[in-house]
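Open the model in your viewer and keep the sequence panel beside it. The stops below say what to select next and what is there.

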Amino acid sequence: MEEKKKKINWKKAGLYFFYGVITVFLLGLILSFGDISAIFSELGKADLKYIFIAVGLLLAYAALYPLTTCILAKARGLKIGFGKTYVIGMTEHFFNGITPFATGGQPFQIYAFNKAKVKPAESTGLLLMNFIIFMIVTNGYAACSLFYYGRFVNGNVAMNVLAIVGFTMNFLVLAFMISIATSKRIRSLFEH
């Protein structure tokens with residue numbers, strides 16, 4: 001039997017080529033704004049030990065981040081395996097990275113959970129709990145960073161304003177998310 005020859009989908013190939021050209025153009029544009037050699041020069045001065053520590057911590061964070069989703073899924077009694085939940089949890093960074101304003105992770109996760117026979121209401125609640133836990137931890141780290149804040153600012157007024165705005169926004173988002181999760185009255189305002 002002869003193998004069937006696959007037809008080349010020129011429309012799809014052209015689209016991929018177009019995406020490649022846009023990517024190269026944007027990369028060139030972004031790199032033209034600064035001195036790329038200065039970046040490599042600074043990296044050359046860096047202590048390799050700290051770079052390896054940073055990369056190791058980044059990989060540990062990426063590996064451990066989906067565990068809260070897995071723990072919450074098990075606690076809620078969702079009929080989905082640990083491995084599948086872990087993989088869905090890992091997709092958040094990818095889809096946040098490729099969408100404007102990092103908004104694609106959770107909607108895709110809801111879609112992926114739905115494909116795994118988890119109701120969208122259940123997965124939305126699960127992801128909301130996961131986000132609240134994430135915000136509590138990051139706000140805790142932010143509060144702890146205040147002990148070291150003075151070392152980095154050195155009386156810079158702009159940095160003081162930026163810190164106040166940043167802390168205020170983070171804590172307001174956390175309070176808003178907790179109020180949505182715990183108050184039926186507030187939640188009902190967003191359901192219609």
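Begin the tour by selecting F94, F95, F108 and Y111, which together form one aromatic cluster. Residues are numbered from 1 along each chain as its sequence is written, and side-chain values use heavy atoms, with hydrogens and water left out.

Rings of Phe, Tyr and Trp (for Trp, its six-membered ring) are paired here if their centres lie within 6.5 Å, and planes under 30 degrees apart count as stacked, those over 60 as edge-to-face and the rest as tilted. By this rule there are eight aromatic pairs. One of them joins F94 and F95, an edge-to-face pair with 5.0 Å from centre to centre and 85° between the planes. In another, F95 and F108 are stacked, because their ring centres are 4.0 Å apart and their planes lie at 20°. This pair links distant parts of the chain, with F95 in helix α5 (residues 82-97) and F108 in helix α6 (residues 105-115), 13 residues apart. Helices here are DSSP runs of H or I with at least four residues, strands are runs of E with at least two, and both are numbered from the N terminus. F108 counts as partly exposed at 25% relative accessibility, where buried means under 20% relative accessible area, exposed over 50% and partly exposed in between, using a 1.4 Å probe and protein chains only.

Next, move to helix α7 (residues 120-145) and select N130. Is N130 buried or exposed? With a relative accessible area of 4%, N130 is buried. Leaving out residues up to four places away in sequence, N130 touches Y65, T68, T69, L72 and E92, a contact being heavy atoms within 4.5 Å. Staying in helix α7, select F134, which counts as partly exposed at 29% relative accessibility.

L72, already met as a contact of N130, leads on to the largest nonpolar core, which has 11 residues in all, including L72, A73, L78, F113 and L126. Such a core is a set of buried Ala, Val, Leu, Ile, Met, Phe, Trp, Tyr and Cys residues joined through side-chain atoms within 4.5 Å. Two or more of its residues come from each of α4 (67-75), α6 and α7. Select A73 to see its contacts with L78, T85 and L126, neighbours within four places in sequence being set aside.

Now zoom out to the whole chain, which has 10 helices and zero strands. Its radius of gyration, taken over C-alpha atoms, is 22 Å, well over the 16 Å that the globule rule (2.2 Å times the number of residues to the power 0.38) gives for 192 residues, so the chain is more spread out than a compact globule. Of those 192 residues, 19% count as buried.

Finally, colour the chain by pLDDT, the predictor's confidence in each residue, from 0 to 100. The chain averages 84, and 92% of the residues score at least 70. Among the elements, α4 has the highest mean (93) and helix α8 (residues 149-153) the lowest (67). Where pLDDT is low, the predicted coordinates should not be read in detail.

Definitions and conventions:
This is a predicted model: local features need pLDDT of at least 70, side-chain atom pairs count only at pLDDT 80 or more; totals for chains, interfaces and linings use all residues.
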